[in-house]
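Me: I am new to this structure and would like to go through it step by step. Could you show it to me?

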Amino acid sequence: MTQPAVTQAGPHARLTALCIAAVILALALMPYFADRFVLRTATEMACFLTLAVMWNLLAGFAGVMSIGQQLYVGLGGYAFFLIAAMGGVPLMAALGLSGLIALLIAVPAAFLLFRLNGAYFAVATWVLAEIAALIAAQSDAVGAGAGLSLPLQVARALGNNDERTAIFWWLALGLAVSAYLVAYLWLRSGRGLALMAMRDDAEAAGGLGVSTRQNRLMVYSVAAFFTGIAGAIIFLTKLRISPSAAFSVNEWTAAVIFIVVIGGLGSLEGPIIGLAVFFALRTLLADFGPWYLIILGAIAIATMLTAPGGLWGVLHKRFGWDVFALRRHVKLTIGEKS
Amino acid sequence: MALLEFRNVSFAYGALTVTNNVSLTVAPGEALGVIGPNGAGKSTLLDLVTGFKIPKSGTILFEGTDITRVSPQRRCDMGIARSHQIPRPFGGMTVFENVLVGATLGGQRAEGPATRVALDVLEQTGLMGRANDIAGGLRLLDRKRLELARALATQPKLLLLDEVAGGLSDMECQTFIALLKQIRDGGTTIIWIEHIVHALVAVISRLFVLDQGAELAEGVPSEVLESAEVRQVYLGVPA
Ligand SMILES: Nc1ncnc2c1ncn2[C@@H]1O[C@H](COP(=O)(O)OP(=O)(O)OP(=O)(O)O)[C@@H](O)[C@H]1O
Ligand SMILES: [Mg+2]
């Protein structure tokens, strides 16, 4: 008897891939037609997108509920400033190194954190980030509470203001695209199955041969790596870093959770939609002060209650859309369907 | 050599002893049935075999290797797989993906061969029509089937079943018995906990009766079921 075929491609895989490539190309060409303000906003968005994809990989796909990813944003940022201050390290290498340093810290942190479960784990991730902020604020080597400025010659080496803005954008775009590529390939592989099984029932997954230890460690360190580089780029564009900005739970975790939850926890399309909503609301509510955060929170809670799959979940259900096809689909003949 | 051996294994929740000094051997290729009143500690016995629970005292051997403290994941690699009494599907994944987890990660296969195994198992367990359904939305009977399918997909040496026949119609029960016989005759060792005794005895060759965590009787099913103690404890027949 012949077996049904199994595909992992969406309905219009070729067309979708072509569209994605076209969009990336258009984005890459933006410095040639967009003004500086647009580019700066886009750069910030790309950094947030990287953070969101990584948080989604952790929480939405692997069930690792970290609320302390600001630890790696800050570590990446500080690492980058220290490397830059030494001088002579090429920009790309410095960024890569910042990510690696975040990863190197993530490994021992993981051994500590994964001894804890559920809420204890989540709180511990946050506490760890707070500790890092306190240490940074006490260390004169990193400017203590006042923080550090990027050495002038580092910024100058990147050209004039327009050239710099373009370079920052390309870096941020490149990072977001790489983060998506890694997440996409990972989630489509057998290791992706392991992550999702672990998320749905860690104990049952263990009984079926999934090494929860190894998979958690992997996803946590890869997320730290990308989050660290994102942190480095974020503070490179700001030209300054301080403990309160670097390890801000509001900015680097609460906002990111908002983006993922609104867009769709556990889907790769979700963060893109959530990002658009977040930036639209942020612009719209800029004058409302503290109300801004309260409104964001209310929207996030309302979404969780009414549409746990976020906006993308609603669209996917309604229209069957798939941009990043992750599921394996068994092609059943009519007789086999029931 | 025995495939599985329990040597004076005990387990307790605080002061409540749930497994009381159990010794047990299962030969390769054997099908062992386990019965006992509710709360006797039957499911706990399987938890001890899979490593979900670690004994308070005693030793568990698998193919002669001490696995008393080995992780569940390693035990799966060694060839132990189970179904859960209360199904625990990976609710956000499809039925096919659930089974593929067992086939690829549990069975340590590349995705190509794992896919073939997974499809075979779906066919065998009558789940093919549900292959693309999200497992979290299945009705109870299909969830139980999925439990069996996932375990089978690892192609275990030792298959542990915890009350999988409940709720089946007569026809379905016959099909199910035939499936288990086929698995047994394929050389897989089975330990099966079941309240539906007529289904159980159709497949197994030895029966183990547990009462309050301890062995009450053990042996040829017909004799065990005839014995006065078992009738009194399990079937509620006064001796
Ligand atoms: N987490 C727990 N804490 C304390 N006692 C527990 C816990 N889990 C189970 N028990 C007790 O352990 C005993 C054995 O449970 P177990 O599930 O192994 O029984 P069982 O024979 O499988 O029962 P059933 O036929 O109802 O499935 C029961 O008396 C139960 O109440
Ligand atoms: Mg039980």
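Predicted model: local features only at pLDDT ≥ 70, side-chain atom pairs only at ≥ 80, totals over all residues.

Me: How many residues surround ligand 1, and which are the closest?

Reply: There are 13 residues around ligand 1, and the closest are Gly41(B), Lys42(B), Ser43(B), Thr44(B) and Gln85(B).

Me: What distances to oxygen atoms of ligand 1 do Thr44(B) and Gln85(B) show?

Reply: For Thr44(B), a polar side-chain atom lies 2.5 Å from an oxygen atom of ligand 1. For Gln85(B), an N or O atom in the side chain is 2.8 Å from an oxygen atom of the ligand. Gly41(B) uses a polar backbone atom, at 2.9 Å from an oxygen atom of ligand 1. On its own, ligand 1 has 640 Å² of accessible area, and the protein covers 60% of this.

Me: Which element gives the most to that shell?

Reply: H1(B) does, with three residues. Helix H1 (42-50) and strand S2 (16-26) of chain B each supply at least two residues of the shell. By class, the shell has seven polar, four nonpolar and two charged residues.

Me: Turning to the sheet, what is the order of its strands?

Reply: The order is S2-S1-S4-S5 (chain B), in an open sheet of four strands with antiparallel pairing.

Me: Why is one side of S2 and of S5 in chain B left without a neighbour?

Reply: Both stand at the edges of the sheet and each has a single partner strand, so one side of each has no neighbour there.

Me: Where does H1(B) pack?

Reply: H1(B) packs on the sheet, touching S1, S2 and strand S4 (57-62) of chain B, and its direction makes about 115° with that of S1(B).

Note on methods. Residues numbered from 1 in each chain as written. Chains lettered and ligands numbered in written order. Heavy atoms only, no water. Near = heavy atom within 4 Å. Polar contact = N/O pair within 3.5 Å; in protein donor to acceptor, adjacent residues only side chain to side chain. Areas by Shrake-Rupley, 256 points an atom, 1.4 Å probe, with all protein chains shown as cover. Nonpolar A, V, L, I, M, F, W, Y, C, P; charged D, E, K, R; others polar. Pairing = 2+ DSSP bridges. Contact = heavy atoms within 4.5 Å. Axes fitted to C-alpha atoms, helices over the stretch in contact; angles between N-to-C directions.
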